[in-house]
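Trainee: I would like to learn how to read a model of this kind, feature by feature. Could we take the general idea each time and then turn to the case at hand?

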Amino acid sequence: MSIRKAGCALVLCAFLVHPWRLFAQDAKGAFGEVFEVRVTNVDIVATDSKGNPIPGLTEASFEIYEDGKRQEITNFSE
């Protein structure tokens, strides 16, 4: 085996043994922003006095409050 082939084989073995070093990122070199997103699903069944479902309700038909403060409805589906 030539020295060149042996060197290439050694480098290849090093990457196979420690592949995580190729992708590791030091926390000091990290950049970006962290966002906290809270999503709460509220399932509602709207019925009339006879128990029949009320069709055609829209997002504007509902108000959601948390600790007395009105919250924005960001996603709505019937």
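Trainee: How many residues of the lining of the largest pocket are nonpolar, how many polar and how many charged?

Mentor: Bear in mind that this is a predicted model. The general idea is that rolling a probe the size of a water molecule over the atoms shows where empty space is left. In this case the largest pocket has a volume of about 920 Å³, and 25 residues line it, those closest to its centre being Thr40, Val42, Ile64, Ile73 and Asn75. The lining divides into 13 nonpolar, seven polar and five charged residues.

Trainee: Which strand gives the most to the lining of the largest pocket?

Mentor: That is strand β1, residues 64–66, which contributes three residues to the lining.

Trainee: Where does that strand sit in the overall order, and what is the pattern along the sequence?

Mentor: The chain has two helices and two strands, and read along the sequence they follow the pattern α-α-β-β.

Trainee: What percentage of the residues of the chain count as buried?

Mentor: Here one reads relative accessible area, where buried means under 20%. Of the 78 residues of the chain, 3% count as buried. The accessible surface of the chain comes to about 8,000 Å², and 56% of that belongs to carbon and sulfur atoms.

Trainee: Which residues make the nonpolar surface patch?

Mentor: Phe35, Val37 and Val39 make a nonpolar surface patch of about 380 Å². Phe35 is found in the loop between α2 (20–23) and β1, and because its relative accessibility is 64%, Phe35 counts as exposed.

Trainee: How many salt bridges are there?

Mentor: The idea is to look for a side-chain nitrogen of Lys or Arg within 4 Å of a carboxyl oxygen of Asp or Glu. By this rule the count comes to two salt bridges. In one of them Arg38 pairs with Glu66, with the closest N and O atoms 3.7 Å apart. Since Arg38 lies in the loop between α2 and β1 while Glu66 lies in strand β1, the pair ties together parts that are 28 residues apart in sequence.

Trainee: Are these two partners exposed or partly exposed, Arg38 on one side and Glu66 on the other?

Mentor: Arg38 counts as exposed, at 64% relative accessibility, whereas Glu66 is partly exposed, with a relative accessible area of 38%. The side chains of Glu63 and Arg70 also meet in a salt bridge, at 3.5 Å from N to O, and Glu63 counts as partly exposed at 45% relative accessibility.

Trainee: How far apart in space are Thr58 and Phe76, C-alpha to C-alpha?

Mentor: A reading of this kind sets separation in sequence beside separation in space. Thr58 and Phe76 are 18 residues apart in sequence and 7.8 Å apart in space, taken from C-alpha to C-alpha. Thr58 belongs to the loop between α2 and β1, and with a relative accessible area of 41% Thr58 is partly exposed.

How values were computed:
Residues numbered from 1 in each chain as written. Predicted model: local features only at pLDDT ≥ 70, side-chain atom pairs only at ≥ 80, totals over all residues. Heavy atoms only, no water. 1 Å grid on protein atoms, 1.4 Å probe; cavity = no way out; pocket = protein on both sides within 12 Å on 5 of 7 lines; lining within 4 Å. Points joined across faces, edges and corners; volume = space filled by probe spheres on them. Helix = DSSP H or I, 4+ residues; strand = E, 2+ residues; numbered from the N terminus. Nonpolar A, V, L, I, M, F, W, Y, C, P; charged D, E, K, R; others polar. Patch = residues over 30% accessible without salt bridge, like charges linked within 9 Å, V, L, I, M, F, W, Y side chains within 5 Å. Areas by Shrake-Rupley, 256 points an atom, 1.4 Å probe, with all protein chains shown as cover. Buried < 20%, exposed > 50% of the residue type's maximum accessible area, 1.4 Å probe, protein only.
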